[in-house]
Amino acid sequence: MITVNASPEAAYTRWRDFERLPTFMYHLESVRADGDGRTHWVAKAPAGTTVEWDAEITDDVPGMLIAWRSLDGASVDNSGAVRFSPAPAGRGTEINVEIRYSPPGGAVGALVAKLFGEEPNQQISDALRRFKQLLETGEIARSDGSPLGTRTQNQVHQHDALPLDDGEAVAATPEVKP
Amino acid sequence: MKANCWMGANRVEVRDVPDPKILNRRDAIVRITSTAICGSDLHLYDGYVPTMEKGDILGHEFMGEVVEVGPGAASKLSVGDRVVVPFPIACGACLACERGLYSVCENTNPNAAMAEKFFGSATAGVFGYSHLTGGYAGGQAQYARVPFADVGPLKIESDLTDDQVLFLSDILPTGYMGAEMCDIRPGDIVAVWGAGPVGQFAVVSALLLGAEKVIAIDRFPNRLEMICRNTACEVINYEECDVREALRDLTGGRGPDACIDAVGLEAHHGSGPIQAYDRVKQATQVETDRPHALRQAITSCRNGGIVSVVGVYGGMVDKFPMGSVMNRSLTIRSGQCHVHKYMRPLLEHIESGRLDPTFIITHRLDLADAASAYETFKHKEDECVKVVLNPFP
């Protein structure tokens with residue numbers, strides 16, 4: 001859950017732009033919207049591999065709600081919803097994300113962590129922070145220590161707080177597609 | 001470029017590092033013309049602030065000339081502009097920034113999750129001040145990358161010298177905010193613990209804001225003499241008398257209406273055993289901070305008064321006199337300075353001649369001499385109060 005200083009409509013519209021989700025959802029490689037309510041998702045997995053699945057929108061209320069579920073054949077069945085609700089007294093929009101994974105047996109968190117390299121809850125909270133930054137400021141805050149921006153899994157392996165060399169700077173910025 | 005890097009407790013080294021680059025649209029690169037060492041840099045130097053990495057560039061009080069501007073900041077800044085850079089990095093758009101609480105900006109600390117573990121919620125990003133505040137390279141260097149450059153840097157368009165405006169980056173607004181939080185009313189007496197640069201600027205500011213009387217408390221005669229030379233304040237040397245008694249004598253027996261802690265987590269205590277007690281607890285990490293000044297500020301304050309804390313604390317304090325706070329209706333106010341809010345009004349005070357912060361400078365050295373400058377400043381050798389470094393001698 002996070003509160004952004006923007007209207008529910010603005011927050012909804014930015015999130016509903018599925019093909020731009022990878023800008024702040026770092027575990028995604030790409031999302032393709034097929035225009036019929038169906039989407040094709042490619043997520044990054046460890047060792048340079050990817051996981052792909054198709055999904056359909058199950059509910060879509062402008063300014064309020066986007067819900068989806070994966071279609072048959074996904075390696076990890078998943079479904080989720082993002083809810084946008086106005087915060088009191090014009091204090092922006094509260095955003096709540098729920099994602100449910102239904103892997104074939106086993107502990108959900110462990111399996112998803114194995115797939116994406118991080119816990120689902122951590123993944124969501126990092127993505128929400130970056131979404132807030134994008135919506136409020138137009139960019140993801142990058143420091144020398146965290147050149148890719150907020151990313152919990154990188155917090156213990158920080159780059160030193162000194163400028164990146166040329167190669168590191170290039171590696172840090174390809175995701176900038178505001 | 002050359003930059004002053006933290007290399008472990010009590011060790012800094014000027015090293016060759018890559019030049020900073022624009023990473024985001026709203027960034028600018030500043031060629032630094034003056035940069036200072038802050039008392040709070042000593043907390044890093046002494047090793048009391050967690051999450052420092054060997055090699056981190058220090059420094060959060062700097063100014064210079066804009067040499068590159070990202071497209072997102074070009075409406076506010078141009079190459080060649082002369083700017084003072086505030087130490088907190090603020091986005092200007094979140095709820096905290098909208099309310100003027102720039103040092104707790106919600107968007108500029110990429111290591112927010114780390115900071116939440118320490119503080120509960122994250123603070124803004126800060127230049128050169130550990131990875132807990134974002135892991136941003138600092139300004140004790142020849143160049144710095146300044147994020148959200150359309151929000152923070154203050155353009156200096158008059159012919160004021162670097163010395164006159166450099167301290168708008170931190171210590172002058174910090175001292176001013178310490179005084180402002182006291183809600184000074186006519187007749188009020190304000191006591192300030194610590195006559196370092198922030199304490200001295202708090203004294204100046206409290207007088208500017210209309211305090212009847214301001215009392216500075218320290219143990220270093222040169223610092224107390226310095227503030228007496230430059231303002232009309234009273235002083236107490238806590239090694240020569242009982243502070244609470246002295247304060248009662250100066251306040252009609254009631255205690256100061258407001259007390260400012262401009263000391264922070266490495267306070268020194270006049271009583272050997274109490275100093276030793278907290279020093280041992282700090283060394284064994286049972287408590288991270290030594291809060292003598294804060295304890296005394298609380299117990300000295302008059303009933304219903306305000307305790308304003310601008311001295312830096314890092315974590316936990318021990319033996320906190322909460323009973324005194326609660327039963328005597330005290331108000332505690334605190335915060336890392338919301339520098340952005342104060343820069344312009346304080347610049348106007350400087351331009352009009354009501355404020356001249358240059359008196360605080362005792363040492364001018366080249367950036368290359370940063371290691372010896374830290375030692376001199378830490379041990380207050382040679383009556384050192386404030387060091388300004390020149391990155392391009």
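Biologist: Two strands pair if DSSP finds at least two bridges between them. Over how many bridges do β1(A) and strand β7 of chain A pair?

Modeller: This is a predicted model. In it, β1(A) and β7(A), residues 93-102, run in the antiparallel sense. One bridge sets Ile2(A) against Ile95(A) in β7(A). The pair counts because at least two bridges are needed, and the number here is three bridges.

Biologist: In what order do the strands of the open sheet of chain A stand?

Modeller: The sheet is open and holds seven strands. Its pairing is antiparallel. Read across, the order is β1-β7-β6-β5-β4-β3-β2.

Biologist: Which strands of chain A stand at the edges of that sheet?

Modeller: An edge strand here has a single partner strand, so one side of it is left without a neighbour in the sheet. From strand to strand, the twist averages 25°. The two edge strands are β1 (2-4) and β2 (28-33) of chain A.

Biologist: What angle does the direction of helix α1 of chain A make with that of β6(A)?

Modeller: Helix α1(A), residues 8-16, packs on the sheet. Its contacts are with β1, β5 (65-70), β6 (77-86) and β7 of chain A. Against the direction of β6(A), the helix direction makes about 155°.

Biologist: Now chain B. Which strands stand at the edges of its open sheet of six strands?

Modeller: This sheet has parallel pairing, in the order β12-β11-β10-β13-β14-β15. Direction ignored, neighbouring strands are turned by 20° against each other on average. Each edge strand has a single partner, so one side of each lacks a neighbour in the sheet. These strands are β12 (234-237) and β15 (331-334) of chain B.

Biologist: In β13(B), which residue is the bridge partner of Val192(B)?

Modeller: Strand β10(B), residues 189-193, and strand β13(B), residues 258-261, run parallel. Four bridges join them. In β13(B), the partner of Val192(B) is Ile260(B).

Biologist: Which helix of chain B makes a β-α-β unit with β16(B) and β17(B)?

Modeller: β16(B), residues 363-366, and β17(B), residues 387-390, pair in the parallel sense over four bridges. His363(B) stands opposite Val387(B) in β17(B). The unit is right-handed. Its helix, residues 370-378, is α13(B).

Biologist: Is the crossing of α5(B) and α6(B) right-handed or left-handed?

Modeller: Helices α5(B), residues 171-180, and α6(B), residues 197-208, have axes 7 Å apart and pack at an angle of about 55°. That angle makes the two helices oblique. Their crossing is right-handed.

Biologist: How many charged residues has the contact of α5(B) with α6(B)?

Modeller: The α5(B) side includes Ile171(B), Leu172(B), Gly175(B) and Ala179(B). Among the α6(B) residues are Val198(B), Phe201(B), Ala202(B) and Ser205(B). By class, ten are nonpolar, four are polar and none is charged.

Biologist: Is α5(B) oblique or roughly perpendicular to α12(B)?

Modeller: The axes of α5(B) and α12(B), residues 339-352, come within 9 Å. They cross at roughly 100°. Angles of 65 to 115 degrees set the class, so α5(B) to α12(B) is roughly perpendicular.

Biologist: Are α8(B) and α10(B) oblique or parallel to each other?

Modeller: The axes of α8(B), residues 243-250, and α10(B), residues 292-300, come within 10 Å. They cross at roughly 40°, and the crossing is right-handed. Angles under 35 degrees would count as roughly parallel. These helices are therefore oblique.

Biologist: Which element gives the most to the side of chain B that touches chain A?

Modeller: The contact takes 37 residues from chain B and 33 residues from chain A. On the chain B side, 18 are nonpolar, twelve polar and seven charged. β1 (2-6) and α3 (112-119) of chain B each supply at least two residues. With three residues, the element that gives the most is α3(B).

Notes:
Residues are numbered from 1 along each chain as its sequence is written. Chains are lettered from A and ligands numbered from 1 in the order in which they are written. This is a predicted model: local features need pLDDT of at least 70, side-chain atom pairs count only at pLDDT 80 or more; totals for chains, interfaces and linings use all residues. Two residues are in contact if their C-beta atoms, placed from the backbone, lie within 7 Å. Ala, Val, Leu, Ile, Met, Phe, Trp, Tyr, Cys and Pro count as nonpolar, Asp, Glu, Lys and Arg as charged, and the others, Gly among them, as polar. Axes are lines fitted to C-alpha atoms, for helices over the stretch in contact, and angles run from 0 to 180 degrees between N-to-C directions. Angles under 35 degrees count as roughly parallel, over 145 as roughly antiparallel, 65 to 115 as roughly perpendicular and the rest as oblique. A crossing is left-handed if the near helix is turned anticlockwise from the far one by less than a right angle, and right-handed if clockwise. A crossover is right-handed if, with the strands pointing away from the viewer, the path from the first strand over the helix to the second runs clockwise.
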